[in-house]
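Thanks for coming. I will go through one model today, starting with its pocket and then taking a few residues in turn.

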Amino acid sequence: MTKALRTSVFFSALIILMTVTTNLLTSPGFLWCIYPVFGVLWWPLSVFYAGRKQPLNYALLGTALLFSLFLLTYLFASPGAHPWYLYPMLAAGWWPLSVWGAQAGPRRFSVAGGLYVILTVLVINLIASPSFWWWVYPAFFVLWWPVSVLLGERAKTMAFAVGSAAAAALFTVVMYFIHSPGQEPWFLYTLLPFAWWPVSKALSARVSQTRQSLIGVLVFAAYYTALAALLHMSDNLLALFAIVGAVWFLYALGISKHRDSVGFTAVNAVLLAGYFLAVHRVFTPDTHPWYWYTFFPLAGWVYASALRGRVFKPNSVLLASAAMLLYYGALNLLLLPSFPWAVFLTGPAAVAVISSVLCPQKTYFRYSIWASAAIIAYLWAVNLVITPHALWAPYPTFAMLWWPLSMWLLTRKVAEE
């Protein structure tokens with residue numbers, strides 16, 4: 001026995017003796033000592049296996065120690081209650097299984113791990129809700145882990161993707177008719193994700209990942225919008241608007257090769273403005289005219305497309321910021337004069353102008369001073385205009401002062417080095 005092991009055993013035994021004695025003398029009705037005792041036992045156990053290179057034995061003994069803790073806690077704290085101790089036991093059993101799997105290889109580990117997960121959900125199902133066998137759902141999909149590992153390279157083929165998608169879709173359809181016939185056909189929500197597996201595999205060889213993602217967003221949005229409209233008797237016109245919006249968004253911002261031209265952006269900005277106006281008039285004619293707030297970003301799209309590389313120049317940013325404040329300030333006065341919400345836009349506008357001037361010069365200390373001053377002024381303006389009865393601006397002001405202070409200290413350090 002090494003000196004470290006002797007020390008850990010001696011002091012652990014001493015701590016355990018003191019803990020048990022204190023428990024029995026002060027509160028014998030509740031054996032709380034089991035919790036620190038099990039914590040202390042990890043000391044000699046870890047020292048014993050520290051240099052032996054026996055991770056599996058250490059994992060097995062450690063798991064046995066955890067099992068004992070869970071079981072004794074259940075027997076002392078809640079005997080006869082729901083056997084909750086089985087849940088952490090099943091989770092702790094993954095430790096020695098994963099250690100064994102690292103030694104046994106991916107094939108055997110995938111089989112053993114898949115069976116262990118299935119056993120876990122089966123036990124939880126039998127204990128928690130034996131009247132409904134829900135364990136078959138996760139168990140069925142867990143099988144893909146060992147199957148794909150055992151097949152190796154064949155799991156990457158189109159045939160495997162098509163067969164897997166068909167099997168998964170068939171499984172959900174069968175489970176629907178077994179467990180919930182006559183109810184809402186929930187299996188329809190699962191069919192598209194399954195079908196997308198072989199579809200995305202086919203698209204990956206022909207289109208870029210970005211376009212594939214955009215096409216996926218379009219397909220999923222159209223499918224689930226139409227499905228919701230069909231199953232829940234929603235307004236089909238609303239579903240049509242949603243689908244049209246998704247199609248336009250993907251075409252204008254991702255798929256069209258003309259998306260950077262001024263003419264394209266101008267035409268589509270007008271179309272989108274009309275789209276928002278039509279949605280308001282058809283579905284929310286008596287509500288706040290929210291479509292006005294969308295017109296400025298659309299105009300900004302055209303403005304950015306016309307300027308191209310000059311869009312981040314100081315003069316361009318200054319002009320855009322001033323136009324934004326004037327536009328939304330006017331909307332504030334005309335549409336909602338009772339609440340001065342336009343003040344919230346002043347801070348971002350000021351920081352945008354300061355950033356466009358100082359960031360290209362890489363004068364970060366000066367930038368921190370001006371940006372901090374703008375943000376502090378913005379916070380005080382919001383405080384005094386929106387909530388004049390509560391003075392909260394000094395708190396973020398103090399925090400903002402650390403930015404230029406830290407930049408000053410950083411520049412001094414760099415200069416000294």
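**The pocket and selected residues**

Three helices each contribute at least two residues to the lining of the largest pocket: helix 14 (292–307), helix 15 (314–335) and helix 16 (346–358). Please keep in mind that this is a predicted model.

Which helix gives the most to that lining? Helix 15 does, with six residues. The lining of the largest pocket comes to 14 residues, and the volume of this pocket is about 230 Å³. Nearest the pocket centre lie Phe 296, Tyr 303, Ala 320, Ser 321 and Met 324. By class, twelve residues of the lining are nonpolar and two are polar, and there are no charged residues in it. For anyone thinking about how such a space is found, rolling a probe the size of a water molecule over the atoms shows where empty space is left.

Next, the cysteines. How many disulfides does a search of the whole structure find? The count is zero. As a reminder, a disulfide is a covalent bond between the sulfur atoms of two cysteines. I have accessibility values for two cysteines. Cys 33 has a relative accessible area of 8%, so it counts as buried, the cut-off being under 20%. Cys 359, at 31%, is partly exposed.

Is Asn 23 buried or exposed? Asn 23 is buried, with a relative accessible area of 0%. Not counting residues up to four places away in sequence, Asn 23 touches Pro 28, Phe 30, Leu 31, Trp 32 and Cys 33. A polar atom of the Asn 23 side chain also lies 2.9 Å from the backbone oxygen of Ser 27.

There is another asparagine to look at, Asn 268, in helix 13 (residues 262–283). Asn 268 has 6% relative accessibility and therefore counts as buried, since that is under 20%. Its side chain has a polar atom 2.7 Å from the backbone oxygen of Phe 264.

Now to a loop. His 82 is in the stretch between helix 3 (55–77) and helix 4 (86–92). With a relative accessible area of 39%, His 82 is partly exposed. What does the side chain of His 82 make a polar contact with? The partner is the side chain of Tyr 87, at 2.7 Å. Leaving aside neighbours within four places in sequence, the contacts of His 82 are Tyr 74, Tyr 87, Ile 127 and Ala 128. Of these, Ala 128 is 46 residues from His 82 along the chain, and the two C-alpha atoms are 8.6 Å apart.

Val 162 gives another pair separated in sequence. This valine is in helix 9 (residues 158–179), and it is partly exposed at 42% relative accessible area. Val 162 and Val 199 are 37 residues apart in sequence, with a C-alpha to C-alpha distance of 8.8 Å.

Where does the phi of Lys 362 fall? It is near 60°, a positive value in a residue other than glycine. Lys 362 has 62% relative accessibility, so it counts as exposed, the cut-off being over 50%.

That is what I have.

Technical notes:
Residues are numbered from 1 along each chain as its sequence is written. This is a predicted model: local features need pLDDT of at least 70, side-chain atom pairs count only at pLDDT 80 or more; totals for chains, interfaces and linings use all residues. Side-chain values use heavy atoms; hydrogens and water are left out. On a 1 Å grid over the protein atoms alone, a cavity is a set of points where a 1.4 Å probe fits but cannot get out, and a pocket is an open set with protein on both sides within 12 Å along at least five of seven lines; lining residues have an atom within 4 Å of a point. Grid points are joined across faces, edges and corners, and a volume is the space filled by probe spheres set on the points. Helices (H or I, at least four residues) and strands (E, at least two) are DSSP runs, numbered from the N terminus. Ala, Val, Leu, Ile, Met, Phe, Trp, Tyr, Cys and Pro count as nonpolar, Asp, Glu, Lys and Arg as charged, and the others, Gly among them, as polar. A disulfide is a pair of cysteine sulfur atoms within 2.5 Å. Buried means under 20% relative accessible area, exposed over 50%, partly exposed in between (1.4 Å probe, protein chains only). A polar contact is a pair of N or O atoms within 3.5 Å; within protein, one must be able to donate a hydrogen and the other to accept it, and residues adjacent in sequence count only if both atoms are side-chain atoms. Contact means heavy atoms within 4.5 Å.
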